Each structure stands twice: as structure tokens, then as C-alpha cells.
Number of protein chains: 2
Amino acid sequence: MTQADTIFKEFKEHSVAEFFKKNRQMLGYSGKIRSLTTIVHEYVTNALDACEEHGVLPEITVKVEQLGNDHYRVTVTDNGPGIPQSHIGKVFAQMLSGTKFHRFIQQRGQQGIGASGCTMYAQITTGKPIHVITSTGKGKVYEANVMIDVKKNSPLVTDEKEYDGDFTGTTVIGEFKDVQYQQSDKSPGEYVRRTALANPHAKITFIDPNKLKTVYERAVTVLPKKGVAAKPHPKGLEIDDLIEYAHHSKERTIKTFLVNTFDRMSAAKAKEIEELTSIDFQRKPDSISWKDAEEIVDAIKKTQFLAPSTAELRPIGESTIERSFLNVLEPEFHSIRTRKPAVYRGGVPFQVEVGMAYGGKAGRGNENGSTAEILRFANRAPLLFDGGGCAITKAVNSIDWKRYQLRNIETLPLSIFVNICSTYVPYTGAGKQAISDEDEVMKDLGLALMEVARDIKSYVTSERRKYEKHTKKLTLTKYIPEISRAVSELTGAKKEVLEANLLRIVNDKYENGGDEEAEEEAGEEQ
Amino acid sequence: MTQADTIFKEFKEHSVAEFFKKNRQMLGYSGKIRSLTTIVHEYVTNALDACEEHGVLPEITVKVEQLGNDHYRVTVTDNGPGIPQSHIGKVFAQMLSGTKFHRFIQQRGQQGIGASGCTMYAQITTGKPIHVITSTGKGKVYEANVMIDVKKNSPLVTDEKEYDGDFTGTTVIGEFKDVQYQQSDKSPGEYVRRTALANPHAKITFIDPNKLKTVYERAVTVLPKKGVAAKPHPKGLEIDDLIEYAHHSKERTIKTFLVNTFDRMSAAKAKEIEELTSIDFQRKPDSISWKDAEEIVDAIKKTQFLAPSTAELRPIGESTIERSFLNVLEPEFHSIRTRKPAVYRGGVPFQVEVGMAYGGKAGRGNENGSTAEILRFANRAPLLFDGGGCAITKAVNSIDWKRYQLRNIETLPLSIFVNICSTYVPYTGAGKQAISDEDEVMKDLGLALMEVARDIKSYVTSERRKYEKHTKKLTLTKYIPEISRAVSELTGAKKEVLEANLLRIVNDKYENGGDEEAEEEAGEEQ
């Protein structure tokens, strides 16, 4: 037996659940505080996605109860579509399964890992299953306990119950140890506050471990338009994708397969591609070999296509963000931009929204006054951790704020709100807390931030001018009695008349317009 | 049919390979430059691990050839144990399989993802398989092309050949597009340089796309002691681990199962635990229920154990790092500390090594002089990316360098070398470029850095003192002729004698010791 044979006796295969159990930090389970927020994050994003796919205005309750030292219960209830009994196990205890991963559709969840990760964390810290109560609205309620068989990455469903009931929605209850609730900008409470800010169409109730209840009421009552699955764009296509699509296609020819499978692929385009290759496009799609696929992908690279359709993107929208700002931040001034959709990696559409709110409840208050805060969102889901490695933070830090009269930005009462929406957000890790700095995303972020910063600059500058005028006026007004007395003595004019006239002149100049500055200012304030 | 039924029609299961294909940035495939370095990293770490497990001094050749625009071929050859024919496919094209993931053993690789990730990247960018040539030393050589069936996460092996040949080792050849070679501190060349620095027992040859060949010769000829798999420590045990171990155990009683499965578990300790529970330890281990397991884990928490055995840790060692520094950095001064082993998360042993090299080729040279560089390593494998989120960078930044007379540290010719070794490194992501800031790891890093910084302070201070003395001496010497002349005129003593005597006094004071400062200095320089 060779050395290699001895070594390879140890060769084994592992499940993705084993991998994430051992590397739980990759899913956000590192540290007690972060772990609790991760759990709330996973359940809340699933709840919102479910409600929106169901087509109802979300009504979500999040409850965190303390059961002991570093020991909590989390309960999340939604009014979504419910889960068919046959799928309860897989939804909560099979990683990489779900309705989201394989579709190009803009949702918060996209991996099919999160909820199963919570089940795993409950299980390894307390040994207990999570409990699910759900109804799809057919008059039946299902309850079950769910655990995960980590070795097999498959669900273990026990204590199933079925009884009559008339609602649609899901409640999930989990018990966790090695977690801790703390008031901070990384707590479940802050997570819910930011969720409310980016989802003003949702009513969210949060009950903290001290039984303190916060209700975020809806600021708008219109549901975001429904997510639509997009066809893949040819420019993002890779050779083995093409083979996979082709071999699963029911089309009769390569030509109709291309036209019906891909975005922006007209019959004329398919013909253009055919002419660039040596392949007969009347062949069946499942006859495409690796070499054929390579030829087709090469030909696609040489062909011009319309940019990907971006109809499936669902930005929050400037007016909705404004409603949300007024509802939650009550700022003195704000500016918001939703940029046009763009594309990264050749084929994935995305869209950037940036808002800044200044004054009022904007910024993060502390004992020394307020400091600026960056509110990061991906498809409306707040990102609280790993800010340093995130494209959004990098873009904010790359702005030369002094150019915008915003010196020491960190000391300003400023909230910088950034939402990136995409049919597939390029997260840096499975914990989904930071966005990879793809070139195209960085460019759009930079442009949006600069546009908004210019507005803030105008406001801050005009506020400063107002203040300076106010000070000048006060100073001048202070000297009016003395000047009037002196002029009266010199000229014999009546002191009271002089005083009244001088006061009127000062007021005219500094309050009712009439000078260049004031006009400019008025223009800016519209 | 309810809304839920419609939605759940789209429910699907996915393979881990599909996940990492879509999220390739999590494996390090983001950006052309990083992608190429990731490939070299995966192959080189596997080669080094294989050689060490085989018990031979590694001799590795890395060749990067440019084939076209953003199109390269990477070839890595090692003198390791080779791969049995039956395993070639799984090693290179099945994620989460391998010899490393399930053992507590200190190696560079630990996930069983890296090499399959390279195969996937070759396939999606060029449509081509990777090519493997290997022999386990039985007179037969195997060659094969390997691709990965992404949907199933399983290998596709073609073009197998078998012929006579007399060597032991493996060569892997892959062709990649969407990669780029650039000279920088993140290039494959720099990766190999740092690998050589932390692995002075390896001979590594690097051939860059311009055919420039760099050979890093061995600085030591002793192989690091062989990695040994450790038993798990009870303090790191979780309930479902315990059940898994118990249900796979062949022991006859819970007691012998505990004693033989876990580190630091004596018969007396097992008895102590038995007494804290209501469980009969004469029962069979596979009878342990969730409730029993919970009781046992609770009892373990209440019991004192010796700290985990750290015999399986394999630090580089102070004298070996020194050899390596002298070989590669040729510094003016250096200081190195290998700290005692410690433990994180209750059960995982780790050990921190810190070295600083000052002057010579230390630091990173550029047109404006040199700047400090942080050389991060995990189990001797260099970490080039994601520095911002890494425990090592955070620890370096947390040091108040001014306290160590090292103002503007970034402008100094300083290399800060940090290696963390562990039987399981807590990486922040599957791309393994940053280490999670576990409390215990941060603490040890901070202490080691401070110890070494104190030495550097002494050197820098004594160098400064030497310089100041030298300047004083020069100044004094300059005035000796004038003083001698004046004294000679005043006293009639002979000018030449006076001069000679004064010179001797100055020399005595500033060169041959005799004052407090000099003694102190001598002490520091030993």
C-alpha cells in the first residue's frame, strides 16, 4: 500500500450543512449579539418576501424573549401565503433548497440557506427543534417541529399536527443559546427600525425582551410591484450554462431555443450568431457539444445586444423613500435619487438608490451630539455587519466630502441611505452582510452619492448664509439706537424717525429679499 | 390551488457547486487579478499539504503562461504522495469532499472546496477540463481530464491514460480566462514569495508569464513535524456533535465512549460527569437521546478540564522564521515571538507567531522610499486579500505604535509577519482570505505584537541614541583643534598633546563604553 493509499483512506464526502455548521461564522453566527440579529434578519427577510410574492401588504410581528443567560426565544409571524405541509421540512431544514436560488427575480432572500441556518443554530445551541405554525388558507392549520440532519442536509419533521383554522400566514418560533440582546446599532431592534425605513409598505411590530412594543405603521399602502423572473441575458452567459439550458430545453431547434430562452434574443440576432459559427441551428438543442457551446458563446461576445431588460427591478422609489424619511427621520432637509437601472458582469441588472437626510432625527444620537450614519440596504434588507468590506461603505468613503462643504462628516446629524436592488446581489459571503465592489456598481454608487451630496451642500451653504445674515442683522440692529442718536444730534432730525427708517432698511435687506444673495437663496429653497 | 401551491411549484434543490458557481466571489473569484492569485493559492496550498503529509521536503514549481488577452495557463507540480486513480475525479471536481474537513489536523486546506473551485472556474471561463498527471510511486502514471457536473456536484473524468513511470507526485494544468497577471502585492508572484517566507523548508520555483524564473531555495532542511489529528476537546462539544459521535461509536458503554473519544477525558472525569447527570453510563452509547446529550453537555460545562492538548499544533518556530527573514528580507534588525498555544471557542487550539523585520529588504519599496507591510499567514499560507476584515490587520491597527517610538509606522521599512496556526482556522469566508476576530485570537495577537514592538522600540531608540552620540562626537571632535589652541595659549601646554588627549577622552566616552548610556545600549543589543 502506498503512502497515497493510506492518506486517501481518510477521504470522505460532506454535506453543505456540515460545512456551514463548522463554518457558522460565514452565515453570520459569530459573537452572541450578531448571532441574534442574524436570526431576526433571516426570518424577517423571508416573511417580507413571502408577503410580497403572495401580493398582500406585509404585517409582521417580531418578538424576542429572554429565557435565561444568553438564552432567548425568537418568534416571527407573517401574513404571507403559508407553506404547504409537504414543504415545511425543506423550507426550514434543507440548505440550498427553495424557490429563489434558480430564478432571476429580485427578492431579499436568494440562497435558500438562511432559515435552515437558524434551525441548525437552534439545534447546536439548545438541542431543540424550531416550531412552525402555518396555513395556506384552505381552512387547515399545520404545526410541526423541525430539525436538520446535518450529515445528510435533510429535514427531520416531528410532532405534526393538523387542525381547523382560518388564516393565511406563517409563525416560526425558535429557541437559541449563545445569543445576546443588546441595545446598539447592530441589535434586532435597529434591524427592524431600518427594515421599516426601507419598507414603508409594511407594518412591523417589534417586542423586545423587556416587553417594550414598537409599532412601525405603514407610510404607504401600495405594495411594491410584484417581482417577475427575468430571462437570462446572453452577455452574461457562460459555456456550461448554455449547455445546461440547451440539454433541458424542449425546443425543437437551436434557433428557437436561443430565441425563447434568452433576453433580447430576436430571430435576427440568432441568425447573426449562426452565421458567426459553423453550427447548423436547425439541429436539436440537446445536441450542443462543449465545442459548439464555446463557439456560440464566442459569437455572442462579438454580437451587439440591447442592454438587459430591467423591468423586473423594483426600486423603492424617490417618493416612497421621502415618505419613509418624513415618517421615521423627520429631517430638516433631504435629497433622494433613484438612478437608472444598469448592469454588472455583463448580464445582471441592478439599480442604486441614495438618500440623505439632514437634521431632525437623522444621524445617530449619542451623549456627544449626533454622528453620521450609513444605512445600507440590499433589496430593502438592512445590512448591519461587515460594513468595512462593503461596496456601499467604500463608495461613501471615496467621496471627498469637503468638496461638498461637509467637513467632519462624521459629526453631522446626517443619515446616508443606500439601497442596491438587483435580481442577484453579489454578496461577499453567505452571511449576506456586504456587497462585492463590482466596478459597475461602484460607479453608479459614486454618481448617486455625488448628486445627493450637491443638494446637501446647497442646503448647508444656504443655512450657513442664513445664519450669517441673521448675525449681521442682529449686529446692525444693535447699533441702530446709537447711530440714530448720533445722526439726530448732527442733523437735528428726529431720533425716533431715524430709528424706524434704519430698522426698515435693515429688515428689507435681510428679510424680504432685494439683494442678490437673498434671490439665490430663495431659488435654492424651492 | 392556493397561492402557496403556485409559489411552491418553483421549489427546487441545488448542489453546493451550483451555489459556489453563482457566488464565485465567495471563493475568491472576483476581479481578474484576484482570480488568478486564487487559483495559484489553491494549488500551492494543496501541494504543500500533500508533501508534508507524505513526509518529504516540498519541491514545487508554479508556472503561469499567457495564452491570450485575459487568458492564462497555470501549471503546478509537486513531489507529494500522488493521487490514487480512483480519487482523481473527486479531488478536483467534487466540492466538500476530501481528507481534511472532518479531521482536527493543522493543514493549510481544510474545506475540500478549493481545487474543485479551480476546475469550475476553468470550465465556466474556457469550457475546458483541467488536466492531471499523477503517480503514487508504484511504477504507474495516471493522466486524466477532469470537469465538474455542477448540477450534481460530481466529477466527469475523461481521456484517462495509464503508462509506466517512476516518480511520486502530481502535476495539475488548468486553462483560465477572465484572469490577469499583474506585478503587484496581490499577484501570484508575491503569493509565492510570501509562501517561501513562511515555508523555508520548501523549495519553490516560480516562472512568470515573461518566462522570468525565480527560485526560492530552502533556508532549512528539516520538515515541520507531521500533522496529527487531535481528539475533540469536551469544552467545544455541542449537543448534536455528541449524538453524532455516540451513534457512530463502537464502544460498549457511554463511559468508555467518552473516555476514548474526547481529549482530556479521564475515567475520573467521566465519573464526575456521570454523577452530575441522571444517566447510567453503562448504557450503550447509541442509546443517547437528545435529552441525555443535553444533560451531558450541561454537566461538561460545570466540569473542569485540562486545556486542550496542543501537541498537534505546528508553529513555524522562532529560529526558522529567523532563518527565513535573513534569507529573504535581510533586515538590519528583527524580533520574533512564537506564543504559547491557546484555545478559542472553548475547544479549538491555536497559536500565534509574530515577527518584525526592520531595514534591509523589509517593508515594501516604492518610488517614495519604503512603507510598512503586513504579511498575514494562516497555517503558513499567505493571505493577500480582504485585509480590512481580518483579525490580524485589526490587531496591528489596534496597537498604539507611538508608544513604541514608531511614529508614522506606514513610512518605515518594516515587515510585520503574523502566522496563526490552528487545527481549524476561523475564516470569515469560503475564500479563506481573512480570519474572524474571535476574542481569544485577538488577545494573543495583541500581546505578541506588543512584545515584538518593544524590541523594535529598543532597537530604534538605541539606533537613534547611537546617531545622536555620533553627531555629538563629530561636533566635539570638530572643536578640539580650536579648544587645544586656546588652552595652549592660556596655559603654555603643548597644543599637539592637548589635542591627542582630548581626542582620546571623546573617543573613550563615545565609543568604548564607560558611560551609563553605552552600557544600557550594549545590554539591549545582545
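Select helix 12 (residues 391–398) of chain A, where A:Ala391, A:Ile392, A:Thr393, A:Ala395 and A:Val396 are buried, a residue being buried if 20 or more other C-beta atoms, placed from the backbone, lie within 10 Å of its own. Helices (H or I, at least four residues) and strands (E, at least two) are DSSP runs numbered from the N terminus. The model is predicted, with local features needing pLDDT of at least 70 and side-chain atom pairs counting only at pLDDT 80 or more, whereas totals for chains, interfaces and linings use all residues. Residues are numbered from 1 along each chain as its sequence is written, and chains are lettered from A in the order in which they are written.

Strand 2 (residues 59–68) of chain B pairs with strand 9 of chain B in the parallel sense over five bridges, pairing requiring at least two bridges found by DSSP, and B:Glu59 stands opposite B:Lys203.

Now show strand 10 (residues 213–216) of chain B, which runs antiparallel to strand 9 of chain B and is joined to it by four bridges; here B:Tyr216 is the bridge partner of B:Ile204. Five residues separate these two strands in a hairpin, and B:Lys211 in the turn has a positive phi of about 65°.

Methods. A residue is buried if 20 or more other C-beta atoms lie within 10 Å of its own, exposed if 12 or fewer, and partly exposed in between; C-beta atoms are placed from the backbone.
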